[in-house]
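Here is a briefing on one structure, sorted by topic. Sequence and model come first, then the points.

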Amino acid sequence: METLVSTWSRTAQILPENYVFPIDERPGSVEVPICQNIPLIDLAEGQSQSQTIDTILAACEEFGFFQVINHGVSEDLIDDTMKVVKDFYDMPDEEKAKVYSIDPSKSCQLYTSSYTYADEKVHFWRDNLRHPCHPLDECIHLWPEKPTNYRNVVGKYSLEVRKLSLIMLELIREGLGLKPGYFGEELTGSQSLSVNHYPRCPNPSLTLGLPKHADPNVITVLLQGSVSGLQVFKNGRWLGVEPLPHAFVVNIGHQLQIISNGKLRSAEHRAVTNSREARTTIVSFINPSPDTIVEPAKSMISDGVPLYRSFKFKDFLKFYEAKKGDTEALMEAYKIKP
């Protein structure tokens with residue numbers, strides 16, 4: 001528990017050395033511009049479904065992510081969920097200690113930086129609460145018992161966000177021309193929730209909440225909250241993603257890049273910190289079941305030669321963890337050599 005950033009950083013005036021990133025990875029003091037042309041998908045707009053699909057596909061090809069509004073998840077539920085996860089981090093240390101664990105095999109755990117904290121040369125400026133969400137009735141008993149409304153509120157939220165994730169995947173499926181039901185239980189059978197908490201930082205120019213990486217899963221739905229901190233890497237430069245009230249950021253994961261045979265791209269991104277206020281985000285990951293074989297969809301292989309080889313998702317995940325954010329080396333290892 002004493003390693004949690006939110007526990008010891010409240011009075012910190014100087015950034016500890018083991019949180020100082022190498023010079024070439026630090027965000028520095030140069031202001032990163034907010035990207036003004038990030039695709040915004042409005043699901044309530046009057047445009048046809050085919051137009052919506054075309055916009056989503058273009059966003060997935062160029063950016064690897066987009067923001068979505070009027071998505072059907074109620075604003076009250078979004079606000080209630082953000083409040084209860086902030087309440088969790090505001091609880092006394094003795095309450096959070098009931099969930100704290102450095103055992104990566106534990107289903108529900110609160111930890112700091114990453115699973116490999118003990119082996120890290122540099123730590124991330126974040127605490128993280130993570131637990132499975134699907135099937136809900138099989139895992140909700142593992143979640144934190146306090147705050148007392150956590151399970152009720154977050155349970156409703158995880159169901160709604162899963163529903164939204166599957167809607168997004170269905171639109172992407174149609175846009176790619178994949179057969180109906182392609183994103184069935186095998187490719188979407190696992191869902192986990194990750195609640196990141198980035199406390200105020202004494203020197204944001206030297207550290208990161210999360211370093212540059214892309215997501216290993218199928219699709220990610222992120223609730224940013226009201227505090228900025230998400231940055232996306234595009235064409236060799238970092239771009240800020242402005243938090244929009246009650247909007248979700250949707251990220252394309254590595255599995256969608258592979259299934260689309262490289263047509264869609266997984267977006268590299270990072271989380272920066274600030275010295276003014278804490279930032280809390282809620283992330284839902286949709287994953288294949290561990291033993292699912294993932295490969296390029298046959299209909300996406302135009303010349304008869306797939307770009308990537310097939311693999312079990314659990315094996316990909318192990319290799320992803322070993323590569324520690326080196327997206328190029330990771331994806332190169334799964335490419336079929338000519």
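**A buried serine**

Ser158 is buried, because its relative accessibility is 1% (buried is under 20% relative accessible area, exposed over 50%, partly exposed in between; 1.4 Å probe, protein chains only). The model is predicted: local features need pLDDT of at least 70, side-chain atom pairs count only at pLDDT 80 or more, and totals for chains, interfaces and linings use all residues. Residues are numbered from 1 along each chain as its sequence is written, and side-chain values use heavy atoms, with hydrogens and water left out.

**Around Ser158**

- Ser158 sits in helix α6 (helices are DSSP runs of H or I with at least four residues, strands are runs of E with at least two, and numbering starts at the N terminus).
- Which residues does Ser158 contact, leaving aside its neighbours within four places in sequence? They are Cys133, Leu136, Trp143 and Gln191 (contact means heavy atoms within 4.5 Å).

**Cis peptide bonds**

- Most peptide bonds are trans.
- The bond from His134 to Pro135 is cis, with omega near -5°.
- Pro135 belongs to the loop between β4 (127-132) and α5 (136-139).
- Lys146 and Pro147 are also joined by a cis peptide bond, with omega about 0°.
- Pro147 is placed in the loop between α5 and α6 (150-176).

- Most residues other than glycine have a negative phi.
- Asn235 has a positive phi, near 55°.
- The loop between β8 (230-234) and β9 (237-240) holds Asn235.
- Asn235 counts as exposed because its relative accessible area is 69%.
- His246 is not a glycine, yet its phi is positive at about 65°.
- His246 lies in the loop between β9 and β10 (248-252).

**Negative surface patch**

- Glu75, Asp76, Asp79 and Asp80 form a patch of negative charge on the surface.
- Patches take residues with over 30% relative accessible area and no salt bridge; like charges are joined within 9 Å, and nonpolar side chains (Val, Leu, Ile, Met, Phe, Trp, Tyr) within 5 Å.
- A salt bridge is a side-chain nitrogen of Lys or Arg within 4 Å of a carboxyl oxygen of Asp or Glu.
- Asp76 is part of helix α3 (residues 75-90).
- Asp76 is exposed, because its relative accessibility is 57%.

Key
Areas by Shrake-Rupley, 256 points an atom, 1.4 Å probe, with all protein chains shown as cover. Lys, Arg positive; Asp, Glu negative; His and termini not counted. Charge placed at Lys NZ, Arg CZ, Asp CG, Glu CD.
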